[in-house]
Amino acid sequence: MKSQNVRTRYAPSPTGYQHVGNIRTGLFAWLVARQAKGKFIVRLEDTDRSRLVEGADQHLLECIRILGLDHDEGFDIGGPYAPYRQSERLETYKPWAQKLIDAGRAYADPYTPEEVNAFRQQARDSKKPFLYRNHRPENPPVWDGTQPLRFKSDPKPQSWHDAVMGDLSTGPEVVDDIILIKSDGFPTYNFAHIIDDAEMQISHVIRGQEFLASTPNYINLYEALGITPPILATMPHILATEGNKKLSKRDGAKDVLDYIREGFLPEALVNFIASLGWNDGTEQEEFSVAELIEKFSLDRVQKSGARFDEKRLLWLNGAHIRKLSIDSLYEKVADFWQPSSESYDETYKKQVLGLIQERLKFFAEIPELTEFFFTEPTDASVTELLHDPKNKQLRKLDDTEYRDHKPPQARR
RNA sequence: GGCCUCAUCUUCUAACGGUUAGGAAAUCGGGUUCUCAUCCCGGAAAUAGGAGUUCGAUUCUCCUUGAGGUCACCA
């Protein structure tokens, strides 16, 4: 593949906030695109009308903006393949569905949900996996748009290559007649993403491990549609700090914006998220965004899941903070000063910052760490101590050295 | 239960089939520092188990075990 043709996408469903687990997929897609000087596309997969969360689309945009994952095409800015919101693309799915119907590769599902559930329960009771195609109707009715439209699959063994997982293969028993269009007229993810990726010329599909099991179905669909599959890259899950569960909102995965609100640096977050499941093979731990773009590669992504360890994020953020000049640090912490600091000027606050920079892990700690610089002591003995000329630390406050804005290592 | 995937210190991870299995976080100890932190030095800490291939296996193969995913008109 020519590098200028690399087009990756981040295509979440607007069903809530972004957390470290799902934003990593977006970060990796972005890195692949930027490294290859390709395009990064942000698409919204909003075909499940019942799970939509208001404001989730704006939240997503805010997250990628703050993390610096700039996009070239998207549901907010448009692009050559607009619209990029699946709910606005219903017309583009129709001809593809019709093509399958005409070829005898799609049919109307005549059963009620209750009937299908009964089949499902039957399979469960006999401890067998459920396969709809075992109940495939012999003479399905003409599809009138009110029933689900199902894919008439061609079950067979399949093998394919995954840019992260390597060579994979499955037997015919995993291929089934998946639903393409739901009875409400919206396509399923399974159908819509394949059409959109093809129409939008997506070169790499980078997504989480939960899609691994349905990939054989997608390959079957690609074949029926006559579409050459893109490069597939499956990311391992990020595990919650406790237990063995995938990191999820339910298990307390934090909103990415919450980290920003607590005063984590976007570049530290990006560094941290990238190193969850990826490293460049050297002993380097701290990476700038530019270095990540240069060094990232899908084939060095870990196959196994990585546990989310906030202690490591804390350390990494502290390390990034220590590298900042006082001026730059001062600029970034503007929103974190406590009320008692209001009457103090910039010069004084920068001096205070210089004193705490080395131990600062995230900006929300600032009030706690600096309160005594902004309050008059009430105890007489403390006052006496403060005026003790032998107290070197306090003398530094009068020192002019911090006005030079040197990084802390350069002082002394 | 079927199918798929994965498996190195507590955690994130490194190691063309040949290393005293390395680094980082956390932790413990020491040094620097008027405190804390930073910084420096050091300690403890791992190849899940069993076969096989090989002169030699963390690395290749198989089995076992464990973990995860999936079997939705969710993505």
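What follows is a short exchange about how terms apply to this structure.

Author: This is a predicted model, where local features need pLDDT of at least 70, side-chain atom pairs count only at pLDDT 80 or more, and totals for chains, interfaces and linings use all residues. Residues are numbered from 1 along each chain as its sequence is written, while chains are lettered from A and ligands numbered from 1 in the order in which they are written.

Reader: Why is glutamate 368 called exposed?

Author: Count its neighbours. A residue is exposed if 12 or fewer other C-beta atoms, placed from the backbone, lie within 10 Å of its own, buried if 20 or more do, and partly exposed in between. Glutamate 368 has 9, so it is exposed. It lies in helix H13 (residues 366-370); a helix is a DSSP run (H or I) of at least four residues, a strand (E) one of at least two, numbered from the N terminus.

Reader: What makes a set of residues a nonpolar core?

Author: The members are buried Ala, Val, Leu, Ile, Met, Phe, Trp, Tyr and Cys residues, joined through C-beta atoms within 7 Å. The largest such core here has 60 residues. Val20, Leu27, Ala29, Leu269 and Ile273 touch the most other members. Helix H1 (residues 20-35) gives the largest share, nine residues. Another core, of 17 residues, lies apart and includes Tyr93 and Ile181.

Reader: Which residues does alanine 29 contact, leaving aside neighbours within four places in sequence?

Author: Thr8, Arg9, Tyr10, Phe40 and Ile206. Contact means that two C-beta atoms, placed from the backbone, lie within 7 Å.
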